[in-house]
Structure formats: structure tokens, C-alpha cells
Amino acid sequence: MNLSIILKGMAMGVAEAIPGVSGGTIAFITGIYERLLDAIGGILGPKVIGAWRKEGLAPAWKEADGGFILQLGLGMVVGLGIAVFSITELLEMYPPVVWAFFFGLIISSAIYVARQIDEWSVFSIALLVFGTASAYFLTTINPMSGSTSLIFVFLAGMIAISALILPGISGSFILLLLGMYTVVLDSARELASFDSGAVLILATFSFGCLIGLAVFSRVLSYTFKTFPNQTLALLTGFMLGSLNKLWPWRNALTTRTNSSGEEVPMLEQAVLPADYSGDNAFLTAVIIAFLAGLAIVFVLDRFAPKKDEIDVLEEAL
């Protein structure tokens with residue numbers, strides 16, 4: 001049992017529960033991103049299937065890095081539970097403070113990722129600008145109308161799960177933009193009544209997620225190995241563009257109905273503290289939370305073991 005992997009999974013789970021924050025970002029800054037991509041892409045790959053057919057389950061499990069996936073998944077489930085009972089409540093009581101922490105976290109994450117680029121080129125800079133513009137655009141567009149068409153449900157699963165593993169882009173927010181958040185959520189609630197339509201929608205959505213993970217993780221793994229600087233520049237842009245969604249003070253432009261039947265913001269406009277429509281701007285607390293979020297990535301990087309040390313530790317465990 002590797003406690004470090006479980007804790008990283010918990011952090012990813014907490015991040016995924018926050019609209020606008022990507023678990024992929026947490027995976028990257030904690031140093032497990034490429035391993036995660038390789039593990040996901042290899043689950044249904046020829047090496048794992050070949051090992052299972054020729055040698056049995058245990059070699060296939062090792063080839064698929066099953067222990068890593070299992071422990072990370074366990075951590076994510078625990079993290080999601082923690083977020084449901086704590087982070088979401090804090091968002092209701094002190095929204096600018098929570099957003100300020102993640103705003104600082106993403107800024108420092110973007111700086112951290114950009115520092116991994118060995119050499120900047122015109123193409124890398126162009127990808128940085130493109131990634132920034134694309135992610136920013138996603139935070140400003142009006143959501144589409146949802147559909148129960150199985151083709152659309154399948155595509156929504158592919159797109160949302162791809163965003164989940166992409167730093168800077170939130171899978172849950174993509175579902176909201178596609179208008180599929182309530183469709184999927186309602187189907188999950190109706191699953192207890194064994195409604196055949198809900199089962200079909202969730203099965204199709206899950207299949208889309210599975211295919212999206214298998215395809216997109218391999219694409220990212222390939223680009224990381226073949227075009228590392230360009231890929232890092234694009235991911236840095238995604239993080240910078242997502243900052244519009246994380247600005248501490250935002251007034252709602254449109255709303256949606258959540259699973260509890262409450263009206264919550266959908267599209268929002270970033271404003272200055274003086275123009276904030278909330279009850280309290282929490283200016284001092286926002287500054288402290290922002291600085292804490294800004295510092296945490298550099299603290300983790302400062303005290304994190306080097307790659308060769310990690311390999312030795314994991315072999316020992």
C-alpha cells in the first residue's frame with residue numbers, strides 16, 4: 001500500500017468536485033500525470049491483453065499498473081467524499097475565499113508546468129496562446145441544450161472524460177456546457193428504480209468515457225514523449241485560460257438548477273470586490289487564501305523527492 005499515491009488520489013478527487021478545477025492539474029503537479037496516462041492507455045492495450053492470455057491475471061495486473069490505478073482510484077473516492085461534506089459547504093459559505101485558493105493554485109501550477117519546458121519556440125508560444133484562448137472561450141460560451149440521443153450521450157462521455165484528465169479543464173464544467181450534466185445526473189438518480197431508459201443512458205455514457213479514456217490518454221502519452229515542449233506549452237495555456245472561471249469575485253449572468261432543485265450560477269462575470277453582489281467580499285481572507293494557493297505548488301516541488309528517489313521507494317513498497 002502506497003500512502004503517497006492514495007493522498008494524491010484524494011487531492012484529485014477534491015479537485016474534480018470543484019467546477020472549473022481539473023483533477024489532471026493535481027496529477028501533473030504531484031508528478032503522476034504521465035504515469036496515469038500510460039496506465040489508463042495500457043489497460044485495454046495489446047501488452048495487457050497479451051499478458052492476460054499467455055500468463056494469467058497477475059502478470060496482466062502488473063503490466064496494467066493495476067496497483068497504482070486501484071490506490072489512486074481509492075484515494076479519489078475518498079477525496080470526493082471529503083469534498084462533498086466540506087469543500088462544497090465552504091463554497092456556499094465563503095465562495096470568494098475558496099476560489100481565491102484555487103486561483104493561486106492554478107497560477108502556480110501554470111508557472112510550474114511552463115518551467116518544465118526546456119526550449120521555447122515560435123510554435124510553442126503559438127500553442128500557449130491557442131490553449132489560453134481556447135480554455136477562456138469555454139468559460140464564456142452559453143451552454144447547449146442537453147439531449148438523450150444515445151450518439152450525443154456517447155460523445156458527451158468521450159469529451160467530458162477527456163477534459164477530466166486534461167490539466168486546466170474541468171470535466172464537470174464541460175458536461176454543463178454540453179447541457180448533459182442534468183441528463184446524466186437525473187439518469188443516475190433514476191437508476192435505483194431500474195428505469196430501462198436511465199440504464200441505457202448511463203451505459204452509453206460510461207462506454208463513451210471508456211473509449212475517450214483509452215484514446216485520449218494514448219494521444220497525450222504520445223505527444224508527451226514525442227513533442228514534450230509543445231505539449232507542456234499547450235497545457236500551460238489551458239491552465240491560464242481557465243483562470244477566468246476561478247476569479248474570486250464573480251456575479252451570475254445565467255443560472256441552472258442543481259440536483260437539490262436550487263438555482264446556482266452557470267455563467268458568471270468576473271468583477272472587482274466593490275462590484276461583488278455577494279454578502280461579503282472577504283478581502284483579507286481572499287488575499288491569504290490566494291497566497292496559500294500560490295505557495296503550495298512551490299512547497300510541494302521543493303520538498304518532493306526526485307524521480308530516481310521515487311522509483312527506488314516504489315520498488316521497495
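This is a predicted model: local features need pLDDT of at least 70, side-chain atom pairs count only at pLDDT 80 or more; totals for chains, interfaces and linings use all residues.
**Figure 1. Phe282 lies in the loop between β4 and α15.** Phe282 has a positive phi of about 50°. Phe282 is not a glycine, yet its phi is positive.

**Figure 2. Helices α8 and α13 pack at an angle of about 30°.** Helix α8 covers residues 122–138, and helix α13 covers residues 228–241. Their axes are 7 Å apart. Angles under 35 degrees count as roughly parallel, so α8 and α13 are roughly parallel to each other. Their crossing is right-handed. On the α8 side, the contact is made by Phe123, Ser124, Leu127, Leu128, Phe130, Gly131, Thr132, Ser134, Ala135 and Tyr136. On the α13 side, the contact is made by Asn229, Gln230, Ala233, Leu234, Thr236, Gly237, Phe238, Leu240 and Gly241. How do the residues of this contact divide by class? Ten are nonpolar, nine are polar and none is charged.

**Figure 3. Helix α11 packs against helix α12.** Helix α11 runs over residues 181–190, and α12 runs over residues 196–226. The angle between them is about 125°, and their axes lie 8 Å apart. These two helices are therefore oblique to each other. The crossing of α11 past α12 is left-handed. Which residues meet here? From α11 come Val183, Val184, Ser187, Ala188 and Glu190. From α12 come Ala198, Ile201, Leu202 and Phe205. Seven residues of this contact are nonpolar, one is polar and one is charged.

**Figure 4. Helix α3 also packs with α12.** Helix α3 spans residues 33–43. It makes an angle of about 135° with α12, and the two axes are 8 Å apart. That makes α3 and α12 oblique to each other. Is the crossing left-handed or right-handed? Helix α3 passes α12 in a left-handed crossing. Tyr33, Glu34, Leu37, Asp38, Ile40 and Gly41 belong to the α3 side of the contact. They meet Leu213, Ala214, Ser217, Arg218, Leu220, Ser221, Phe224 and Lys225 of α12. By class, the contact of α3 with α12 holds seven nonpolar, three polar and four charged residues.

**Figure 5. The second largest cavity holds about 40 Å³ of space.** Searching the whole structure turns up two cavities of 30 Å³ or more. Which residues line the second largest cavity? They are Thr139, Asn244, Lys245, Arg250 and Glu268. Sort this lining by class, and there are three charged residues, two polar residues and no nonpolar residues.

Note on methods:
Residues are numbered from 1 along each chain as its sequence is written. Side-chain values use heavy atoms; hydrogens and water are left out. On a 1 Å grid over the protein atoms alone, a cavity is a set of points where a 1.4 Å probe fits but cannot get out, and a pocket is an open set with protein on both sides within 12 Å along at least five of seven lines; lining residues have an atom within 4 Å of a point. Grid points are joined across faces, edges and corners, and a volume is the space filled by probe spheres set on the points. Ala, Val, Leu, Ile, Met, Phe, Trp, Tyr, Cys and Pro count as nonpolar, Asp, Glu, Lys and Arg as charged, and the others, Gly among them, as polar. Axes are lines fitted to C-alpha atoms, for helices over the stretch in contact, and angles run from 0 to 180 degrees between N-to-C directions. Helices (H or I, at least four residues) and strands (E, at least two) are DSSP runs, numbered from the N terminus. Angles under 35 degrees count as roughly parallel, over 145 as roughly antiparallel, 65 to 115 as roughly perpendicular and the rest as oblique. A crossing is left-handed if the near helix is turned anticlockwise from the far one by less than a right angle, and right-handed if clockwise. Contact means heavy atoms within 4.5 Å.
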